[in-house]
Amino acid sequence: MTDRDRATDRDRADDRDRATDRDRADDRDRATDRDRADDQNRAAGRDRATGRSRRSFLTHLVAAPTLALVTRAAADALAPQSAHAVVPSLPAIADVIDLGDLFILAGAPTSALLALAVEADGTVRFRLPREEVGQGLTTAVAMLVAEELDAPLADVRVELDDARPELLFNQLTGSSNSIRSLYGPVRQCAATARARLVAAAARRWGLNPASLTTAGGGVRAPDGRTAGYGELAAAAADPGLVVPGATPKRRAGHTLVGKPTGRVDARAMVTGALQYTLDLEVPGAKPCVVRRPPTLGGTVRTVANLAAVRAMPGVLHVVTVPTGVAVVAETFGQAIDAKSALQVTWGPGPADQLSDAQVRAKLRAATPPLLVPPLLTPYVDAEFDFAFVSHAPMETNSAIADVREDRAEIWSGLKSPIVARETIAADLGLPLSKVKVHVVQAGGSFGRRLFFDAALEAARISKACRRPVRLMWTRVDDTRHGRMRPATHHRIRATHILGEVLSFEHRVAAAETDFRHGLGEIITATAASLPLGIGNATLAQTLFLTTVKSPYHFGLTTQALTEVPTGIPTGSWRSVYSANTRGAEEIVVDELAARTGRDPYAFRRTFLKTDAQRAVLDKAAQEGDWGRAMPAGCAQGIGFHEEYKSRTACLVEIDTRDPDHVRVTKAVIAVDVGLPVNPRGLEAQMIGGLTDAISTTLRAGLHLDKGLPLEGSYSQFHWAKQRDTPRDVRVFVLPATGDEPGGAGELGVPAAVGAIANAWARATGSKPRSFPLDFDVDFTPYPR
């Protein structure tokens, strides 16, 4: 441990005092409007890492010129740092404003358009303009509603809202943004409802509303009288009711938020009562499957045996659509048999000649050169390849559609329902007002359901058949023809001298990610579809720069993305760019530590930028007993990641003694999300991220062969099974460190990718460079 690592509390206090004196002098010398806003921000409470609250910062973003903002933000970010590195790094764009901030700003004008109803039996119903895909969002939102209403959690029902175009950018589920963007509006909505209920009780009893209290789903008077919310509901809805201002509770007053809470839908899930899309009873909707081309994006030329297939048992319709040949039958079994019997001549797709080797060559050739020459300084160079990966949700792509001459109704699991409704209406030639799109809870997404392929496809089939259809993508269809996480190539160089890192360059070349869902509505979706990839490329660069950043003081730090069009259907996959980009960086961090003769944990601790970052790293190392002796072929690995105002560290132990079954045997994860709404839900999110990382780091990937993935099922796409997951997993959710929640959905993957790869490297003595590490074709592919 260096002298810098043993800085005393007194030295830190002196540094803080000097920083405070300097800030005060600056304030006296520069009494501008911006500085007065900073004063208000300090009075309102500081974010521990940056010295300013996020809401006040966003106010600056709206009010200040961009250049002035960036200049000021850079100075503020550097001044309070207590990291010990001699060569500090300037803040990245994602340090100044991240993608979640942009979504919050975009959704702000419509954030108050929420619907909450209190019924006569006391049930509280909240319409959630987001999608529940298993991430626990409905539970967290129900907790916020129950907290503000002082109602039992069991009385709150959170229902998924239909597509509502008036919400504009405010009905997109993604980018770890749902709780961040809903935290304030949901609380305000529920607090307003509580104020109306209290006002109704006060009018009934002739009392001052300030003298009343709420608890257990009712209002109480000082003399002991009580009234349940149900009996007050009608009076509370009176437009003439005089209602005092409603203010959500402060964090100190929370009694439910912040406590580990079981999922409100858990019982329905395990008993089979929870309804997914194909469970819905829509009158007349018949099973439907699609015969898809032998290469991605291929087209139908002719069907040789159309009459024979139409005559097969149970077959009702056989129609051609842009994505293939659809069969509608009385049962799914009959539809699948008929689909298999079709004799189709196919036209080519846009990626027919592409296989893994060609993709890797394209990406390597497109990777820009590194700019900083090593010259006389020691350096670490590394290049990495990551394969295509399926989203592989448990529930395959599905939708129900009922399209008539003058109207249409769609049911599906959708994370961007507004643009789905707008696109379907335009495709069917119907007015938007005549198209209803219902959002149904989905069994997984990981980014897949940002696209509405199934909903659009079902609508087209229903229109062609003139009847309602129940469309199911088979598992093979979902794996082969679904969207994928793009393959990427990474080139990294880090220079160092005398134990300090002077520069850190990272160049990423990726198969183009499709963002043509835009920000969830038709305007940005259309912009993303501009010719030559201009619009899509702009969105890609925006997402990359507002999500990817280094948490370390590594001197001159640069990260850049180049995307390569391939014709392969891609989409955002959990953590989008961060899983590969930050995973690769964490591997290089370990190699830098080894090159400079330092322990990987101590090295990270030295160069991390903030105390908040070091706190989660320390917690993981302490609880995971970092540095303990391990048998030959076994090792520990550690990784760190920060994104969306949250941070996490992951420590794993790996056993490589059986090369055919390398497995992670233990994992310890520490996470700080600012304000944890439901710690139990956060634990589940982090374990899910760990499982994704185990899968894609060790064995799970897609082999692209002449325009089609070879994998077609879970038995071939080697996602981690129960035997592949560690028996010992512990997640430590740090107590609240702020007044607002950060993002969590994407947070758990990148640190775990780095930790697993680093553990493998230490156990085997090899440098991991291509992922997944075990990527053999050990199966017989399904026929095309």
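**Aromatic pairs**

Tutor: The count comes to ten aromatic pairs, where rings of Phe, Tyr and Trp (its six-membered ring) pair if their centres lie within 6.5 Å. The model is predicted, so local features need pLDDT of at least 70 and side-chain atom pairs pLDDT 80 or more, while totals for chains, interfaces and linings use all residues. Residues are numbered from 1 along each chain as its sequence is written, and side-chain values use heavy atoms, without hydrogens or water.

Start with Phe386 and Phe771. Their rings are 4.8 Å apart, centre to centre, with 20 degrees between the planes, and the pair is stacked (planes under 30 degrees apart; over 60 is edge-to-face, the rest tilted). Phe386 belongs to strand β12 (residues 379-386) and Phe771 to strand β28 (residues 770-771), so this pair ties together parts that are 385 residues apart in sequence. Strands are DSSP runs of E, at least two residues, and helices runs of H or I, at least four, numbered from the N terminus. Phe386 counts as buried because its relative accessibility is 6% (the cut-off is under 20%, with a 1.4 Å probe and protein chains only). Phe771, at 3%, counts as buried too.

Next come Phe544 and Tyr577. The ring centres of Phe544 and Tyr577 lie 5.5 Å apart and the planes stand at 80 degrees, so this pair is edge-to-face. Phe544 sits in helix α18 (residues 534-545), whereas Tyr577 is in the loop between β21 (556-564) and α19 (578-595).

Phe126 in β2 has Leu116 standing opposite. Strand β1 (residues 115-118) and strand β2 (residues 124-128) run antiparallel and are joined by four bridges; strands pair if DSSP finds at least two bridges between them. Five residues lie between β1 and β2 in their hairpin, and among them Gly122 takes a positive phi near 90 degrees.

To return to your questions, the ring rule gives ten aromatic pairs. One of them, Phe386 with Phe771, is stacked, and another, Phe544 with Tyr577, is edge-to-face.

Notes. Buried < 20%, exposed > 50% of the residue type's maximum accessible area, 1.4 Å probe, protein only.
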